[in-house]
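Work through these exercises with the structure open beside you. Try each task before reading its solution.

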Amino acid sequence: HVFSLELGEQDPLLGEASQQHGEALAGLQRYDDAVAAFERALTNAIARHDDVGIERAAMGASNCHAWRGMVVESLVPLRRGLEALTSDAPRERALLLGQLGRMRLTPGHLDEAWQFTDEATALAARLGDSVVDAQVRTALSWSQRLCGEYEAASATARRALPAVPPPYRGL
């Protein structure tokens, strides 16, 4: 028996289901299908002005592109998400800017990438949220490493480590 559930395009359950569908498809390495699910979740979250949903869906779509080396494509959902965030979303803005800075870090776009990273770092510092701080520091460390700043990258990563749950620290 097949069950169906008719949900409106702006129903929060549709957004959550689309995001979880994207996660499942990404886990199966069906990235094109995952991106489509994340894009649907992003559209839903934008229509509802759901900043948390916008961040999660934009990050999911971006990661699916990035895992396949599609760096330019990975920028599109991040920019779309950033444009849609409300002014009351510094946490989500910091997370998306950190990812955008890391993904934009190419020889022709260093200044722009570091502007995104600096803004993310400043937002994270003002928030005082250890999880956001750790994720932004991880993006910063990645960027420092790619720019050959190995000692700074190592120091930044060590400062992010306390926010990583103990079971994952040794991986």
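**Exercise 1: a serine in a helix**

Ser74 sits in helix 4; helices here are DSSP runs of H or I with at least four residues, numbered from the N terminus. The model is predicted, so local features need pLDDT of at least 70 and side-chain atom pairs pLDDT 80 or more, while totals for chains, interfaces and linings use all residues. Residues are numbered from 1 along each chain as its sequence is written, and side-chain values use heavy atoms, with hydrogens and water left out.

Task: decide whether Ser74 is buried or exposed, and list what Ser74 is in contact with.

Solution.
- Step 1. Recall the cut-offs: buried is under 20% relative accessible area, exposed is over 50%, and partly exposed is in between (1.4 Å probe, protein chains only).
- Step 2. Ser74 has 0% relative accessibility, so it counts as buried.
- Step 3. Leave aside neighbours within four places in sequence; Ser74 is then in contact (heavy atoms within 4.5 Å) with Ser62, His65, Ala66 and Met103.

**Exercise 2: two packed helices**

Task: describe how the axes of helix 4 and helix 5 cross.

Solution.
- Step 1. Axes are lines fitted to C-alpha atoms, for helices over the stretch in contact, and angles run from 0 to 180 degrees between N-to-C directions.
- Step 2. The axes of helix 4 and helix 5 come within 10 Å and cross at roughly 155°.
- Step 3. Therefore helix 4 is roughly antiparallel to helix 5 (under 35 degrees is roughly parallel, over 145 roughly antiparallel, 65 to 115 roughly perpendicular, the rest oblique).
- Step 4. On the helix 4 side, the residues making the contact include Ser74, Leu75 and Leu78. On the helix 5 side they include Leu96, Leu100 and Met103.

**Exercise 3: a helix from end to end**

Task: find the span of helix 7, its cap and its cover.

Solution.
- Step 1. Helix 7 covers residues 130–146, 17 residues in total. It reaches 24 Å from first C-alpha to last, close to the 24 Å expected (1.5 Å times one less than the number of residues).
- Step 2. Asp129 caps the N-terminal end of helix 7. A side-chain oxygen of Asp129 lies 2.9 Å from the backbone nitrogen of Val131.
- Step 3. Among the buried residues of helix 7 are Val132, Val136, Ala139 and Leu140. Their cover includes helix 5, helix 6 and helix 8.
- Step 4. Just after helix 7, Gly148 takes a positive phi of about 80°.

Technical notes. A polar contact is a pair of N or O atoms within 3.5 Å; within protein, one must be able to donate a hydrogen and the other to accept it, and residues adjacent in sequence count only if both atoms are side-chain atoms.
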